[in-house]
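Me: I'd like to go through the salt bridges in this one. Here is the structure.

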Amino acid sequence: MNKHDATKRLDSWLLAICFVAMLPSIFVWFTWDLDGVLSPAAYAIRHFSYPITIGELCVVIFAMHKKFSIFAAFAKLGPVPRILTVIWSIFAFLPVAFVAENMSVTATTTLQYAVHGVFLAALIHLAKLSAVANRETALKIFTFGAVIYVGLLIAFAMIIPDKEAFPWGLRLPSGTNVRQIGYYVAIIAIAPISLFLFSRKMKPTLFFVVIFLIAFISWTGSRGALVGLFCGPALAALTLWRSPTKVRTGLLMLSFVFGLAASIPLPTPGPEFGLVRMASSLSQDEIGSGRSFVWESTLTEIKKSPWVGHGSGSFKKNMNSIYGFDFNQPHQLVLQYIYDWGLLGGGAAGLLLLFLFFSCLGISRVSNDAAAYAAVSALCTIAVISMIDGAFYYPLSIVLAVALAATGSVKILGKSGKESSEMSSNPTI
């Protein structure tokens, strides 16, 4: 077999999934500076997640070599999603012309949101070209990527030379703070959880992988990540009208308990880490870590520009100058969208997410396997986290959820090699 024939036999979908699964680790490599110096350039790479956006564009370009067309993808949308996309585009890009001080930030952030949509369409295009039954294989690749990602973060934490002086809460690779890393891991952890619950063969290795990931999330002290990872899979099972066996459900719950327990003896670099931090926060007067004030302030600013919004990425600078706090986003999905794009643009974006969810739900009820469950569970998990955190703000969490959702569009093949179930005729929603 010559080299050309071997290349043709490679599955484009799996190649793209391998690359996406390694994006978190690539992000770690790009942000790997042990001195902990928060230089403007290093902060910009983490805050805007440039390596992730470049990775998305690489997948889009790869899909174009496989006859993917942005215009064709848009044309295949239903009439309502097309209208919503146009409304969002108008109200997302309109503020760029009116925010002189934040123009570059607003333009960059808005373009990143647009790239997310094109990335989703490109992934689904590649998925529909897949000629083999590789849905579970994709989840296994994501699982491997999750283990590598967490392993690199652990290695980073272990080899820091001056641990006492290191800015732990604000400086770990791939995140502007440790909470982000917690929900990155939570979203990608959907892959092993889905395999554990619904794969044809339950491998004991998955049990320990889930424990490993849960222990790391607990170590980060990210309450939103744990809540999302607990509620997301449960909501997915309810919406799909499908439950795993009692044995698998019981073992999964046991893995959660073991993961939480395993995190307790782990050394934490500061009081903002670990289960102790989560438990102690429940006894505080403000258990939301200042969120209530942020939400109230965001509502006040929304009233000043309810229809057009303030522009993507403008939240931190605007709110810091008015209220003095240093949050990158409102830590609440609905407030984030309306603040950025107004009631019309934010509403259109929210409805597009609902269309995506119900499309995945319909496809998954037909597919009825681990990948189908992962598609719905990933969207439920990121939605739950986004009610109290910024999972729909940072590109990496969006990319991971989108990629897992796209697994539900891979063709299902029967033993004869023919399609045994036809996927949705709508490749982009």
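Me: Which residue does Glu136 form a salt bridge with?
Reply: Arg200. This is a predicted model, and in it the closest N and O atoms of Glu136 and Arg200 are 4.0 Å apart.

Me: Where do Glu136 and Arg200 sit in the chain?
Reply: Glu136 is in helix α8, and Arg200 is in the loop between α10 (190-198) and α11 (204-220). They are 64 residues apart, and the pair links distant parts of the chain.

Me: Is Glu136 buried or exposed? And Arg200, buried or exposed?
Reply: Glu136 counts as buried because its relative accessibility is 11%. Arg200 counts as exposed, at 73% relative accessibility.

Me: How many salt bridges are there in the whole structure?
Reply: The search finds 6. One of them pairs Asp33 with Arg171, with the closest N and O atoms 1.9 Å apart.

Me: What parts does the Asp33 and Arg171 pair tie together?
Reply: Asp33 lies in the loop between α2 (12-30) and α3 (40-48), and Arg171 lies in the loop between α8 (135-159) and α9 (178-188), so the pair ties together parts 138 residues apart in sequence. Both Asp33 and Arg171 are buried.

Me: Switching to α15. What does Glu301 form a salt bridge with?
Reply: With Lys304, the closest N and O atoms being 3.0 Å apart. Both residues lie in helix α15 (residues 291-304), 3 residues apart, which is about one turn of the helix.

Me: Why is Glu301 called buried?
Reply: Because its relative accessible area is 3%, under the 20% cut-off. Lys304 is exposed, with a relative accessible area of 57%.

Technical notes
Residues numbered from 1 in each chain as written. Predicted model: local features only at pLDDT ≥ 70, side-chain atom pairs only at ≥ 80, totals over all residues. Heavy atoms only, no water. Salt bridge = Lys/Arg side-chain N within 4 Å of Asp/Glu carboxyl O. Helix = DSSP H or I, 4+ residues; strand = E, 2+ residues; numbered from the N terminus. Buried < 20%, exposed > 50% of the residue type's maximum accessible area, 1.4 Å probe, protein only.
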